[in-house]
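Here are some exercises to work through with the model open beside you. Try each task on your own before you read its solution.

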Amino acid sequence: MENYIIEMLHITKEFPGIIANDDITLQLRKGEIHALLGENGAGKSTLMSVLFGLYQAEKGEIKKNGEVVKINNPNDANSLGIGMVHQHFKLVEIFTVLENIILGVEPNKMGFLQKKEARDKVISLSKKYGLQVDPDAYIEKISVGMQQRVEILKMLYRDNDILIFDEPTAVLTPQEIDELMDIMRGFAKEGKSILFITHKLNEIMSVADRCTVLRKGKCIGTVDIKNTTKEELSKMMVGRDISFTVDKKEIATGDVVLSVHNVTVPSKTSKKNAVKNVSFEVKAGEIVCLAGIEGNGQTELVAALTGLDKLSKGEITLAGKDITKASIRNRSKTGMSHIPEDRHKYGLVLDYSLEDNIVLQRYWQTEFQKNGFIKRPAVRSYADKLIEQYDVRSGQGALSTTRSMSGGNQQKAIIARELDKKHELLVAVQPTRGLDVGAIEFIHKQLIGNRDQGKGVLLISLELDEVMNVSDRILVMYEGEIVGELDPKTTTVQELGLYMSGAKRNVGKESGHAE
Amino acid sequence: MQNKTFSLKSITKTKGFSSFTAALLAIALGLIFGFIVMVFALPGNSLAGFGRVLFGGFTRLGDVLYFATPILMTGLSVGFAFKMGLFNIGSSGQYTMGMFFALYVGFMWPMPASIHWLVCVLAGLIGGMIWGFIPGILKALFNVNEVITSIMFNYIGMYLVDMLVQGNSTMYISTKTRTAYLPASAQIPSLGIPYSNANIAIIIAIVIAILLHITLNKTTFGYELKATGFNKFASKYAGMSDKRNTILTMVIAGALSGLGGAFAILAPSTIAGSSMTYEPISVIASAGFNGIAVALLGFANPIGTIFSAIFISHIGRGGTLASLLGYKPEIIDVVIAVIIYFSSFALIMNAAFARFIKQRREKKLDTNQPTDNIKKGKEA
């Protein structure tokens, strides 16, 4: 019999109305990188929460080194050497790196903090594993990549040897992802065991030894990465074949739909400008992608384009009309559709029903209201039509509360609303963020379909696959400027990465210096 | 038979039902604690006294309706603003302003009896509107927290009204430190219940509650208002005018409170030749704060607010009767406060209760059709 460091045997976890984990067995060998693959809602997070002591399973048992253990809370997990890097970091923003690392296990003498001791340990750990951090920097001031290193150091500081990474690459640049992969390999070599939760197949293929696939709460199987392919994994995950290449017709551009001229947007957090003198155009029938690492001014640029925020300089023209100072409603009327970055904050009123959300941009039109009274039957039939057309799934159809819907279906509802609305330009900000491959495929098809109908599409994305596959033209943003214009057909991911990290530029350098 | 159970189920499933049952549970809890207080205060008469608190209101139906009217209006005011995510703690100030405007028109603008009281009521509405508008516009244009401005406007309104009343010799009788009796033409027509001040204002208030309910649920304005209350970012994204809606909501909330003030002061007197009076003694009207409790207990729902206002008024009247059994008015106030306080836990109770019901139902569903579920899972 093989030796497993952690075994989760026949785990069943039910929530009211849903079986999140149904008889799942997961066995982790010592020193391996074990990927846990599954769509959103497949039960990955639930399973890891059971292992981490956040939930108790109704059935099944957990063994460590062959002995049954009971994990009632994260402290139990911690004392068994299990550590977790959560998808959303659990850091105290106004504390320093060091304070965050020792939080909960503060070394003390008679109640007085012994920071020196802790600092030495953190520094030696960070040297040993190549995890560069500044112990005295405040969390709110450091990059997302460094925050993640802090999370990793937290686990190491607690001498954990079973490390759970919950979708760790979602927030990283290609270069940072490579670094993380190296760090993970280093841990495995040291004999630490890694559970790696993801739905990105490339990463699994490059770093994992074995992979367990979950689908709809059930365990589909565990495979050796050596003996499998990306296609096979995705089929296991989704239950059908997924095409990775996006089929696109030849590009047929028309008139300029959106013209952005010398736009400057002030930053909210500092005195600098978040967007500096940016100019570009989007034509009808093309997908222009704004690529870049998070926090390089894309969010602020979109806020200025869509009217959520004011710009300090420059002009924006939409379909021939100057909309620089237009209200959000007027931009919408002029022909702007907007899939917002944060679908919970901006895209949906989560406590409203699906039908109320579907008419969120149109409830004021005479189609849906008369003398200020909402025409309920018209709203209902319109919502039903879009739900059918875009395959939005929910518990109670048009009347479901959107809060109760899955992320993918929430996004589908937003896409249905924005695409069905009369528009010339679609601004789609990270439309596939956090979604599974099935939903991503669907959304990409919709974006391309929209382009083929002769609309202009401005796609803002952090996902390199998306940038490369979907767009017709790539604009790279770095520190508030457009530093590169690339053709996805002729460029490579590596080159794109260089532009994104500011190492290379081919646009606006001279003019930038001249000013 | 089957039909009957089905319809019962569909009723128990509604949100309103679970809110209602939660409110009842919370009220029961409040009553128990109120009773405990009474036992401690005066054990001998506690049962009889509690009986009066509970049922005394039924013998004074007219008074219950009369005292319910102003707190129904302030409750609607607080609840309505709450739907948009605004906390209108300035209801008292708006109420006082409404009262003053109504008094002023009542004393200073002689008019035929048929319309005088109506004009007074409208004046009250305008007074409240103004006092809601100012915090509203400060919030909308300068993002000044409406809680702070409206608290300050409670004081500003109260002192301003006291000053204006005391400075007006037609309105104020300084020897009695109260306003003079209003002319009969300015008093709202009575409902005709003997020995009570009950008047048609309660009917107007209930109609207003129903109109508010329709506004909130059937109109684009209500749609925008609730959307803003649930998620102001999404409402901004959808192009709704946050500023306009904030001002409008505060104006409406102010108008409702102002009407409450007008209804209270314009109520007909049971003694011919007299009227309700206002005493400018530098005290903030309690009706505004009671409105918060009323709105909480009614889940900020206009229809729910009708019932919670009547309930709180009912307990209050019962309490007054209980004082005849030797309970000091202060103790009665404590008992009523305890009941209201615990009843307001309804909000918390509601969440817990809804969860409980939901779990029960889902468990039942699971056991009812397990094969169905598994089949579905396999197919998918």
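**Exercise 1. Two loop residues of chain B**

Task: Find out which loop of chain B holds B:Phe299, and decide whether B:Phe299 is buried or exposed. Then do likewise for B:Tyr195.

Solution. Keep in mind throughout that this is a predicted model.

Step 1. B:Phe299 sits in the loop that links α12 (286–297) and α13 (302–322) of chain B. Its phi is positive, about 55°, although the residue is not a glycine.

Step 2. Now count neighbours. A residue is buried if 20 or more other C-beta atoms lie within 10 Å of its own, and exposed if 12 or fewer do. B:Phe299 has 22 other C-beta atoms within 10 Å, so it is buried.

Step 3. Turn to B:Tyr195, in the loop between β2 (178–179) and α8 (201–218) of chain B. Here too phi is positive in a residue other than glycine, with a value near 55°. B:Tyr195 has 9 other C-beta atoms within 10 Å and is therefore exposed.

**Exercise 2. A covered strand in chain A**

Task: Work out how many residues of strand β3 of chain A are buried, and which strand holds the bridge partner of A:His34.

Solution. 

Step 1. Strand β3 covers residues 33–38 of chain A, and 6 of its 6 residues are buried.

Step 2. Sort the side chains by direction. A:Ile33, A:Ala35 and A:Leu37 point one way from β3(A), while A:His34, A:Leu36 and A:Gly38 point the other way.

Step 3. Look for the partner strands. β3(A) pairs in the parallel sense with β10 (residues 193–198) of chain A over 5 bridges, and A:His34 has A:Leu195 as its bridge partner in β10(A). β3(A) also pairs in the parallel sense with β11 (residues 210–215) of chain A, over 5 bridges. In β11(A), A:Val213 is the bridge partner of A:Leu37.

**Exercise 3. The six-stranded sheet**

Task: Give the strand order of the open sheet of 6 strands in chain A, and explain why one side of β18 and of β24 is left without a neighbour in the sheet.

Solution. 

Step 1. Read across the sheet: the order is β18-β21-β22-β15-β23-β24, and the pairing is mixed.

Step 2. β18 (336–339) and β24 (481–486) of chain A stand at the edges with a single partner strand each, so one side of each lacks a neighbour in the sheet. From one strand to the next, the twist averages 20°.

Step 3. Check the pairings. β15 (residues 287–291) and β23 (residues 473–478) of chain A run parallel and are joined by 4 bridges, with A:Cys289 opposite A:Ile474 in β23(A). β23(A) and β24(A), in contrast, run antiparallel, with 5 bridges between them; A:Leu475 stands opposite A:Glu485 in β24(A).

Step 4. Inspect the hairpin of β23(A) and β24(A). It has 2 residues between the strands, and A:Glu479 takes a positive phi near 50° there.

Step 5. Of its 6 residues, 5 are buried, so β24(A) is largely enclosed by the rest of the structure.

Step 6. α14 (residues 407–420) of chain A lies across β18 and β21 (425–429) of chain A, at about 170° to β18(A). α15 (residues 437–452) of chain A lies across β15, β21 and β22 (456–461) of chain A, at about 150° to β22(A).

**Exercise 4. Helix packing and the chain contact**

Task: Describe how α6 and α11 of chain B cross, then say which helix supplies the largest share of the side of chain B that touches chain A.

Solution. 

Step 1. Two packed helices are described by the angle and the distance between their axes. The axes of α6 (residues 113–142) and α11 (residues 242–265) of chain B come within 6 Å and cross at roughly 145°. The crossing of α6(B) with α11(B) is right-handed, and their contact has 18 nonpolar, 11 polar and 2 charged residues.

Step 2. The contact between the chains takes 25 residues from chain A and 19 residues from chain B. On the chain B side, α9 (220–230), α10 (232–237) and α15 (346–368) each supply at least two residues. The largest share, 5 residues, comes from α9(B).

Step 3. By class, this side of chain B has 9 nonpolar, 6 polar and 4 charged residues.

Methods:
Residues are numbered from 1 along each chain as its sequence is written. Chains are lettered from A and ligands numbered from 1 in the order in which they are written. This is a predicted model: local features need pLDDT of at least 70, side-chain atom pairs count only at pLDDT 80 or more; totals for chains, interfaces and linings use all residues. Two strands pair if DSSP finds at least two bridges between them. Axes are lines fitted to C-alpha atoms, for helices over the stretch in contact, and angles run from 0 to 180 degrees between N-to-C directions. Two residues are in contact if their C-beta atoms, placed from the backbone, lie within 7 Å. Ala, Val, Leu, Ile, Met, Phe, Trp, Tyr, Cys and Pro count as nonpolar, Asp, Glu, Lys and Arg as charged, and the others, Gly among them, as polar. A crossing is left-handed if the near helix is turned anticlockwise from the far one by less than a right angle, and right-handed if clockwise.
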